[in-house]
Every structure is written in structure tokens, then in C-alpha cells.
Amino acid sequence: MELEVVRSTQITNHMLRITLGGNALTSFPDDQEGAYVKLIFPQRNAPRPLMRTYTIRRQREMEIDLDFALHEPMGPASTWAVNAKPGDRIIVGGPGPKKLINQDADWFLLAGDMAALPAISVNLSKLPEDAIGYAVIEVASQADIQSLDHPAKMELHWEINSTHDPNGDFLVSKVEKLEWLQGQPAVWSACEFNSMRNLRQFFHDQRDIAKTHLYLSSYWKLGQSEDEHKIAKQQDAEQTAANT
């Protein structure tokens, strides 16, 4: 479907919101916050277009909000976003299914970086009012901290990391310091590829989180394009399956 830019809103220093609308949203299903769409960028002299995946941060009648984490160097999607003006048009595929935390748990742990912040925000807003636990969110600066709707007993830990860690140690080091609560936890985490692998090792080897209560995903890989990242994810999944 083809949608058009309604407005552009700078949320924080490194987060830009693009609101899309258009008649094509007439047939778009309701209740899709947390689902994903594919932005499709045709490429001259290329057999296939580029596609980039973004979480639906908010949905209103005939509008959806997509939040773009801005970084250097900018990729095709973030470059498009910073230059987008009302009336610009873009091809959008989806929506794809929501990936939400398992709510059948005694407490909750959400962890991720700025690429995952839209999905973390949706997850927090959909938790029960009496939910307890933590959200550990890695951001580039103090100015990137957002005001998020969340249950009163969910502690938000904003962790500032102005430089990317090639070993992916930063986020897991913050999660390891949390007081582990009693009862069955549910964990949702999405972040950079190496950071995800470190978190996976922690949740599997040290905390023995059941697969039914663990969602882990890498949204990007430092120094690689999205297409290269997809290959790395596939290879990692095959290696993980072979070792289990």
C-alpha cells in the first residue's frame, strides 16, 4: 500500500517520529500498536527494492506513527525520515504480527536499546496496572530519555551509552545488576546482535528462563547493513539450533 507523510516530530535528540496516513489505511486492521510494517524503497538498476522494518508505535484513525532511531552513518530509512515532508509518499507492507511479552508471569523484564524503544514502549503500555519488574533501556544521551506510560511498579532504568560497544557488553552488564525477583519472570529483549547474544547467554545459562517466557531478537548489527544482519541472524539461529 502507498501511504503519505502527515507530519514529522522530533521526539528526542536521536528519535524522530513520522506519522503516515492515507486512504489505504481504510483497510488497515485495528489494534496494531506493536506490530511491524516494512518500508519499501525501490532501487534504480536493482532487481529488488530495499525493505526496512519498523514497529508501529501508535495507531489512530487513519494514521500510524513510526519512530526512527537516528544514528551515524544513516541508512536509507533514517535518511528518508529526516528528509520527509508532509505529502511525501512511500510504499508500506504489512502489518506483521506483534511480538509482545508473555503476560502470564509474576514479574516482567524488558531490555533493549533505542532501536527497540518503540516496541518496549508499547509493551509497557499493555502490561497490567499491577505489573512489577524492570525496563532497562539503553539510550545515546540523557536528552534521549522519554516519558513513557507504564505501570507504577515497573522500574524504568535509563542507561546512557554514547558509544557503541562492539562486544555488546553494556546492556547485559546493567541487566546482571538487577535484583532478581521471586516467582516466574517473563523476559522481552531486543537490541544489537552481539548484545542480544550476551543477553541470551545470561538468560539461558544463569537464569534458565523457559522458552515460553523469553523473547529475544536482534534488530541490527554494528557495522553491517540490514541485509548483512539478516544473514548473521540466520547463521546464528542455525548454530544455536545445532547446539541444542
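Predicted model: local features only at pLDDT ≥ 70, side-chain atom pairs only at ≥ 80, totals over all residues.
## Serine 78

S78 sits in helix α1, which spans residues 76-83. The residue is buried, because its relative accessible area is 3% and the limit for that class is under 20%. Its side chain reaches the backbone nitrogen of G75 at 3.1 Å.

S78 also has contacts beyond its neighbours within four places in sequence. These partners are Y54, F68, L70 and H71.

## Aromatic pairs

The whole structure holds 8 aromatic pairs. One of them joins W107 and W180. Their ring centres are 4.9 Å apart and their planes meet at 85°, so the pair is edge-to-face. The two residues come from distant parts of the chain, 73 residues apart. W107 belongs to strand β7 (residues 107-112), while W180 lies in the loop between α3 (170-176) and β10 (185-192). Both W107 and W180 are buried.

W180 has another ring partner, F202. This pair is edge-to-face too, with 6.2 Å from centre to centre and 85° between the planes. F202 is in helix α4 (residues 193-206), so the pair ties that helix to the loop between α3 and β10, across 22 residues of sequence. F202 counts as buried, at 3% relative accessibility. Ring pairs link W107, Y134, W180, F202 and F203 into a cluster.

## Salt bridges

The count of salt bridges comes to 12. In one of them, E4 meets R89, with the closest N and O atoms 2.8 Å apart. E4 is in strand β1 (residues 2-12) and R89 in strand β6 (residues 89-96), so this bridge ties together parts 85 residues apart in sequence. Both ends are partly exposed: E4 at 29% relative accessibility, R89 at 44%.

E63 forms a salt bridge with R7, the closest N and O atoms being 2.9 Å apart. This pair also links distant parts of the chain. E63 is in strand β5 (residues 63-69), and R7, 56 residues away, is in strand β1. E63 is buried, with a relative accessible area of 16%. R7 is partly exposed, at 33%.

R200 and D236 form a salt bridge with closest N and O atoms 2.7 Å apart. R200 lies in helix α4 and D236 in helix α5 (residues 226-242), so the bridge ties together parts 36 residues apart in sequence. R200 and D236 are both buried. Elsewhere, salt bridges with shared partners join R7, R60, E63 and D65 into one network.

Conventions:
Residues numbered from 1 in each chain as written. Heavy atoms only, no water. Helix = DSSP H or I, 4+ residues; strand = E, 2+ residues; numbered from the N terminus. Buried < 20%, exposed > 50% of the residue type's maximum accessible area, 1.4 Å probe, protein only. Polar contact = N/O pair within 3.5 Å; in protein donor to acceptor, adjacent residues only side chain to side chain. Contact = heavy atoms within 4.5 Å. Phe/Tyr/Trp six-rings, centres within 6.5 Å; stacked < 30°, edge-to-face > 60°. Salt bridge = Lys/Arg side-chain N within 4 Å of Asp/Glu carboxyl O.
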